[in-house]
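Please read this briefing alongside the sequence and the 3D view.

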Amino acid sequence: MGEAPTLIHILTANRWGGIQRYALDICRHFKENGWQVFALTRGAKAVDSLFEDEGINLMHAPFEGLLDPVSIRLLTKKIRTSPGQVVIHAHSFRKVCIALIAKKLSRRKDVKVVVTRHKVKHGIDSWLFRNIYRNVDSIVFVSRIARDKFLETWKNFVPPFPDSRLHIVHNSIKLPKGPFLPVPESGPTIAMFHGPLEPGKGLETLIDAMVLLRGKRIRLRIVGSGQPDYTDKIRRRAISKGVMDLIDWYGHTDDPFPLIQSSDFGVLPATEAEAFGLSNIEFMALGRPQICSSNGAQPEYISDGVEGFLVKPGNPSSLAEKMMSLAGDPSLKDKMGRNAYESFNSRLSWPIFAERINSIYL
């Protein structure tokens, strides 16, 4: 039997977010399957602590610029001393450059470099980035819209990489599968937003929708945190609109699932196109319908009127109307919740995602 493969995830952010969670779930899975797993980070406690809790090995690098020699030297040494096959997984084309140079310096042919594209953004057609794209072994896009926007850069000529290196793999979350739990039957209807409190998430639209829902026995639960200036701005908006008493503010939580299960449905009205929303599939996995925007990847895994409702971004009246539809029809709410639960398990569950990633790695 050969040596266990080595997996190294490059994570350069100093705070916790969706990319870090995506990487942690992958690291945990491959560690459980016998791989030697490492996270190469800047040493930020907010990121390191959760990897440490899962027993993931940590390495630290400064990541000073595109071609940081210290980071390259550290990664090259790790590649050379790893006995089995090595997979390096980055989450930014700028940082994958370090992995490509380390691979070349290590003089090992069994090193595979993978990058996940988490944004809806054009590719860059420059000499440097054409070489990066050309030398990466696999590019994983978290949605079709992310891939299509990236490829628009070369719509009039041939891109600098073969199509076989491109993979669309919808995100998933690692949850133990449990039975479908129906929505609560008593008390006010609870609509829940979960995610970072930042521009582009549609929080202004959501607060304006609550103005139209006063007196309808609908409460809004906001779960998440953000920059203080923006959070204060959102709170002031709720106060000025006279709906602060209809909103419960929970702040950040590492485990939102009990709050999701005690809510009736999700509301995620992002105004910026999202490459993929982990919060969207959290509601699906726990059998809760949702109302979300139609301008990003959401229509790839949520059908309007089936797992929830899709609305145009920035439209408070449309959002309020759909919230009333779910709040006023328990049977519709239950049906959509069951559809969401079944759709997640049949198309987006962790085993499906992990098998796709495993096939790309190997």
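Arg144 and Glu300 form a salt bridge, with 4.0 Å between the closest N and O atoms. The two residues belong to distant parts of the chain, 156 residues apart: Arg144 is in helix α6 (residues 144-151), and Glu300 is in the loop between β12 (290-293) and β13 (308-311). This is a predicted model, in which local features need pLDDT of at least 70 and side-chain atom pairs count only at pLDDT 80 or more, while totals for chains, interfaces and linings use all residues. Residues are numbered from 1 along each chain as its sequence is written, and side-chain values use heavy atoms, with hydrogens and water left out.

**Terms**

- A salt bridge here is a side-chain nitrogen of Lys or Arg within 4 Å of a carboxyl oxygen of Asp or Glu.
- Helices (H or I, at least four residues) and strands (E, at least two) are DSSP runs, numbered from the N terminus.
- Buried means under 20% relative accessible area, exposed means over 50%, and partly exposed is in between (1.4 Å probe, protein chains only).

**Charged pairs**

- Side chains of opposite charge can pair when their charged atoms come close.
- The count of salt bridges in the model is 18.
- In the pair described above, Arg144 is partly exposed because its relative accessibility is 42%, whereas Glu300 is buried at 18%.
- Lys149 pairs with Glu152 in another salt bridge, where the closest N and O atoms are 3.6 Å apart.
- Lys149 counts as partly exposed at 25% relative accessibility, and Glu152 counts as partly exposed at 35%.
- A salt bridge also joins Asp208 and Lys241, whose closest N and O atoms are 3.7 Å apart.
- Asp208 lies in helix α7 (residues 203-212) and Lys241 in the loop between α8 (228-240) and β10 (247-249), so this pair ties together parts 33 residues apart in sequence.
- Asp208 is buried, with a relative accessible area of 16%, while Lys241 is partly exposed, with 38%.
- Asp25, Arg28 and Glu54 are linked in a network of salt bridges.

**Ile132**

- Ile132 is found in helix α5 (residues 127-135).
- With a relative accessibility of 2%, Ile132 counts as buried.
- Leaving out residues up to four places away in sequence, Ile132 touches Phe93, Val96, Cys97 and Leu100, where contact means heavy atoms within 4.5 Å.
- Ile132 and Ser263 are 131 residues apart along the chain, and their C-alpha atoms are separated by 45 Å.
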